[in-house]
Amino acid sequence: MMRPLFGGAVYRSWLHACLGAALSLPPLTAVLAASGHPTPAGAVGGCLATVAVIVAMGVPAAARRGSVRLANGLLGTGLPAPAAAPRSRWADRLRTSAWLVPHMALGAVVTAATGLLLFAAVAFVTVWLGGGGVIDIHRTEARVPAGPQGLWTLGVAAACLVTACGVTAGGAALLRLLAPALLGLGPAERLAAAEERMRQEAQRNRLAQELHDSIGHTLTAATIQAAVAKELLGSDPQAALSALSSIEETSRAALDDLDHVLGVLRAEPSPTAPRRTLTDLGALTGTVRRAGAQLTVETTGGLDRVPATVSREAYRIIQEGLTNALRHGGQTGLTLRVAVRDGLLEVELTNPVTTAAGRPSGRHGHGLTGITERVRLLRGEVTAGPVDDPAPSGGGRWRLVARLPLRPAP
């Protein structure tokens with residue numbers, strides 16, 4: 001793609017060249033130090049010192065990331081950024097040192113050439129405006145007449161500016177050709193980038209599952225509470241008001257979850273995610289009871305001593321299980337048992353379900369799938385299905401059991 005002269009791209013390329021010229025000062029210092037010993041051994045030592053300086057400048061991971069950022073920002077190369085801590089091998093790091101060589105060499109040439117051309121452009125016009133005179137250019141004299149006869153100096157100045165831009169653009173074009181080979185991702189860096197993408201995808205899937213659990217639970221509870229409020233609005237306004245207040249509370253908590261997930265997916269700053277654990281079980285079951293469900297809760301063991309990861313996932317499992325119970329079963333006869341014993345956390349939830357042809361109805365959707373994925377991720381076991389124990393109101397019962405190890409398997 002052609003880049004217009006005097007455009008912003010040329011100015012950025014010239015700045016990149018100036019930075020390359022500045023980076024050439026340490027190796028140049030090593031060369032000058034070696035020139036004080038005009039012997040073969042001194043020349044070899046100077047070359048080795050120069051190579052050592054360039055290698056030392058390019059080996060750090062920060063030098064590679066900085067070079068990529070400069071090339072992308074000032075040359076428009078569009079290279080993928082290395083990971084924050086890439087598992088780059090020495091070959092990848094030495095490629096950064098190899099990149100510094102043309103960057104410094106072309107930077108010094110472009111900076112010197114453009115400096116001379118700009119000085120010449122200003123000198124010709126200045127002498128002409130000053131009444132004419134003689135300009136000595138490398139032992140060659142150029143006479144600049146005064147008045148209209150010296151107008152040709154404007155053309156010389158313009159030619160110098162165009163040449164300076166051309167030199168800058170040419171040096172930048174050559175560096176853009178070299179950048180993919182020297183600054184592009186190596187095999188180890190590509191592997192690290194692929195692993196990072198996998199981690200991000202896993203994080204997005206986890207957030208999607210948590211959003212499904214939170215919003216699904218909130219909508220189910222809010223729907224039931226709204227129906228209760230509608231029925232009690234005329235006969236018991238206070239109870240209806242309590243149901244509406246509960247809808248407000250659960251909806252606000254769901255909005256907090258939604259804001260967090262959307263903020264992460266958009267890569268924007270977001271409030272701290274509400275990391276609810278088994279210590280928040282009382283608030284969760286209270287929400288279910290305010291929805292009109294009759295829920296019996298039994299806990300055994302110290303829930304506060306459950307590891308944080310297991311506690312968070314168990315909370316989500318219970319939340320999704322209660323949501324399914326409200327969605328597919330009745331509001332009476334719900335039983336939740338949470339026990340910590342023998343190195344396991346056991347969660348058991350039973351509830352009545354509707355019948356179809358005398359059999360408890362099955363469940364389909366993402367809820368049970370999400371529970372299974374969470375349990376398997378923690379190396380646990382899960383069973384779910386109808387049981388023979390009949391519900392008091394007739395029909396069958398559904399039983400969900402999840403067993404999570406409190407410590408990872410050796």
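**Close-up views of a predicted model**

View 1. At 8% relative accessibility, Phe124 falls in the buried class (buried is under 20% relative accessible area, exposed over 50%, partly exposed in between, with a 1.4 Å probe and protein chains only). This is a predicted model, so local features need pLDDT of at least 70 and side-chain atom pairs count only at pLDDT 80 or more, while totals for chains, interfaces and linings use all residues. Residues are numbered from 1 along each chain as its sequence is written, and side-chain values use heavy atoms, with hydrogens and water left out. Rings of Phe, Tyr and Trp (its six-membered ring) pair if their centres lie within 6.5 Å; planes under 30 degrees apart are stacked, over 60 edge-to-face, and the rest tilted. That rule gives a count of one aromatic pair. Helices (H or I, at least four residues) and strands (E, at least two) are DSSP runs, numbered from the N terminus. Trp152, at 37% relative accessibility, counts as partly exposed.

**View 2. Helix H1 and its buried face.** Helix H1 (residues 8-23) has 16 residues and spans 23 Å from first C-alpha to last, close to the 22 Å expected at 1.5 Å a residue (1.5 Å times one less than the number of residues). Buried here are Ala9, Val10, Ser13, His16, Ala17, Gly20 and Ala21. Looking down the H1 axis, these buried residues stay within an arc of 145°, so they line one face of the helix (the arc is that of directions from the helix axis to the C-beta atoms).

**View 3. The open sheet.** Five strands run in the order S3-S4-S5-S9-S8, with mixed pairing (strands pair if DSSP finds at least two bridges between them). Strand S3 (295-300) and strand S8 (381-387) are the edges, each with a single partner strand, so one side of each has no neighbour in the sheet. S3 and strand S4 (residues 334-341) pair in the parallel sense over six bridges, and Leu295 stands opposite Leu334 in S4.

**View 4. Helix H9 on the sheet.** H9 lies across S3 and S4, running at about 165° to S3 (contact means heavy atoms within 4.5 Å; axes are lines fitted to C-alpha atoms, for helices over the stretch in contact, with angles from 0 to 180 degrees between N-to-C directions). Among the buried residues of helix H9 (residues 281-290) are Leu281, Leu284 and Val288. Just after H9, Gly292 takes a positive phi of about 100°.
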